[in-house]
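I opened this entry to keep track of what I looked up. The notes follow in the order I made them.

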Amino acid sequence: MGEIVFYIALIIASSVLYLNAGTLPSPPWEPLGSGSFPQMVFGLMAVLSLVGLIQKVREYRKSTGREKFSFSQYKVVGLVFLLFTLYVAVFNFLGFIISTALFLIVTMWLIGPKTKRSLPLITVIALAFSVGMFYVFRVYLYVYLPLGVFFQ
């Protein structure tokens, strides 16, 4: 039942964010506008959440509905939520690249396998993603993300 509530919350949040992304100011030289990429992401998130919701509702109807609820099952979800809250809090101070890389490293380490090779691989992936997305936003979408105190 918790997954159903979570999917409903995701659909509502992605819909609100989709609408808010349309209000981003557009530079005159950008044909799609600054809000087009976030709208695509939030639209896809809403559609995938709807698909997940439908699947979970079907599973719930087939089950007896007597599954035991345990808060320990959702410990990782709570930790990721706290990490995301911290990420948002330090985003402007540390800048996009550093805060995103740190968030991804900690989250992937928390969720993924903990082997000897995983931490270096996670670090490379997180740094490549952070720098790559910063480049895409800056060069192609003309969205200037915060640089942080270390790069100003």
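I began with the salt-bridge criterion: a side-chain nitrogen of Lys or Arg within 4 Å of a carboxyl oxygen of Asp or Glu. I worked on a predicted model, where local features need pLDDT of at least 70, side-chain atom pairs count only at pLDDT 80 or more, and totals for chains, interfaces and linings use all residues. Residues are numbered from 1 along each chain as its sequence is written, and side-chain values use heavy atoms, with hydrogens and water left out.

**Salt bridge.** I found one salt bridge in the structure. It joins the side chains of Lys-56 and Glu-59, at 3.4 Å from N to O. I placed both Lys-56 and Glu-59 in helix α2 (residues 36-62), three residues apart, about one turn of the helix.

**Secondary structure.** I took helices (H or I, at least four residues) and strands (E, at least two) as DSSP runs, numbered from the N terminus. The chain has five helices and zero strands, and I read its pattern along the sequence as α-α-α-α-α. I noted a box of roughly 55 × 40 × 25 Å for the C-alpha atoms, taken along the principal axes.

**Domains.** I used bounds that come from an automatic or database domain assignment. That assignment gives domain 1 (2-62) and domain 2 (71-140). Their centres, taken over C-alpha atoms, are 21 Å apart. How many residues of domain 1 are in contact with domain 2? I got four residues of domain 1 against four residues of domain 2, with contact meaning heavy atoms within 4.5 Å. The area buried between the two domains is about 270 Å², and carbon and sulfur atoms give 64% of it. Buried area here is the accessible area (1.4 Å probe) that two parts lose on being put together, summed over both. I counted zero salt bridges between domain 1 and domain 2.

**Helix pair.** I looked at helix α4 (residues 96-111) and helix α5 (residues 118-140), whose axes come within 8 Å and cross at roughly 145 degrees. Axes are lines fitted to C-alpha atoms, for helices over the stretch in contact, and angles run from 0 to 180 degrees between N-to-C directions. Among the residues that meet, I listed Phe-96, Leu-104 and Trp-109 in α4, and Leu-119, Phe-129 and Phe-134 in α5.
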